[in-house]
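User: I am new to this structure and would like a short tour. Could you show it to me and take my questions as they come?

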Amino acid sequence: MYEILLDVNGWQGLFDFQTGEALPFENKPYLELAKEVSKRHPYPGDLNPDVFKWTTDFALDVAREYDPQLMLISYANGMITRVNSKIGAEETRDLAAKILSEAFRFADETDYEPIIVSTGNMEKIDKVFNADDLEGYFNVSADSHIGGVFGATEKDYETVQNMVGIKSVMTRNEFVKKFGLFDDYALERTPDIVLFADDDYALTNTGNRGTTLEEICEKKKTLKAYSKLLGLPNDIFEFRAFIDSQLKNGKKIAVIVVEGIDDDCMPAGSIDVNREEDGIYYSEGVLFYYALLNAKRFNSVGMPYIFHNPFIKKKPGARYSYSYIKTDEFQNPIGFNRDFKTASVGTRSGIFHSACMCDYSFECHCRGLAESGVLTFVNSEKLRSTL
């Protein structure tokens, strides 16, 4: 069982992970660490430049207080800043330097072996695909270069064949067959038509967010990773096995994700890591984190998945109301019920904890730049038996 501690400017509430219902605090000593650390580190906000220092300070506090063998850290605000702000080349380099400085500060002040992984280059949005001629509902997937048409009409099937900015088109049946999407969860989320963008076009949901996107992840097959550990893999789906092997050998490992840092700003000695498979770029968000930490493709059962179907209504009694998790299939997350201590600290709200599922998973509680404190996901079943 997991419990959720929410801290909003010092006010704290406890909730059930599955149902979202409020729980009492009494007789739960394993919550004390989460309560104290969260109170000491109120979240400064997504676009606040202090957020990078906040991430490091929070992670250092957790490392000192809990001393996990596996530490997972996400500096997601570099990408968040570049997506939502107009910044130039010099500011982009300064941003990268600040993030990497914080990542190395954590490594320098602890005895962890760092594995630093970027999410790859970002690029200014040049040409935006115009979906106005479609009669169905156009929705962008977790990969910013793929979109789908839900509720497509007969006319839409003709229209998409000659639309500007679209490289290729697949029907629902073609997409399902190619990627083996036969479980109910995936089938109900697969659009009638799947659209793959041209290289210089962006697919965006700007109207839904209320803000204009400035940059997106570049459609590039590789990202960069850095570590002094030997044998660092050159494929994103091989990192989970590599991390597990290092942990098995007794090493203390810190996997540090740095978002929004271009390849030429990564540390010297960084290697290229493939992150593309069958035309899917595991470049950001849920696709990236599940691939990196859990070796999961988007078409694995339950989570992760690539599309959000806007026509699916939340069902009464739906589970995991505070979480990105959509099914009871936890996908063997990297920090879940290990025989050693695990913890994560990150600013990729929702996605990061669901990919980690550590003993303690700390993250900002934020949706679309609306901040409401710090969420901690606590593996109460494990901690109750060990503390």
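**Overall build**

Analyst: This is a predicted model. The protein contains 12 helices and 20 strands.

User: Why is it said to be as compact as a globular protein of that length?
Analyst: The radius of gyration is 21 Å, and the globule rule gives 21 Å for 387 residues, so the protein is as compact as a globular protein of that length.

User: What box do the C-alpha atoms fill?
Analyst: Along the principal axes, the C-alpha atoms occupy roughly 60 × 50 × 40 Å.

User: How many of the residues count as buried?
Analyst: Of the 387 residues, 60% are buried.

User: And which residues touch the most other members of the largest nonpolar core?
Analyst: They are F175, L293 and F298, in a core of 51 residues. Helix α10, covering residues 285–294, gives the most to this core, with 8 residues.

User: What does F298 touch?
Analyst: Leaving aside residues up to four places away in sequence, F298 touches F175, F179, L181, I280, Y282, L287, P304, Y305 and I306.

User: Changing topic, what about the surface?
Analyst: The accessible surface comes to about 16,300 Å², and carbon and sulfur atoms hold 47% of that surface.

User: How far apart are the mean positions of the positive and negative charges?
Analyst: The protein has 43 positive and 60 negative charges, and their mean positions are 3 Å apart.

User: Last one: what share of the contacts with a separation of 6 or more joins residues 24 or more positions apart?
Analyst: Such residues account for 72% of those contacts.

How values were computed: Residues numbered from 1 in each chain as written. Predicted model: local features only at pLDDT ≥ 70, side-chain atom pairs only at ≥ 80, totals over all residues. Heavy atoms only, no water. Helix = DSSP H or I, 4+ residues; strand = E, 2+ residues; numbered from the N terminus. Rg over C-alpha atoms; globule rule 2.2 N^0.38 Å. Buried < 20%, exposed > 50% of the residue type's maximum accessible area, 1.4 Å probe, protein only. Contact = heavy atoms within 4.5 Å. Areas by Shrake-Rupley, 256 points an atom, 1.4 Å probe, with all protein chains shown as cover. Lys, Arg positive; Asp, Glu negative; His and termini not counted. Charge placed at Lys NZ, Arg CZ, Asp CG, Glu CD. Core = buried A, V, L, I, M, F, W, Y, C linked by side-chain atoms within 4.5 Å.
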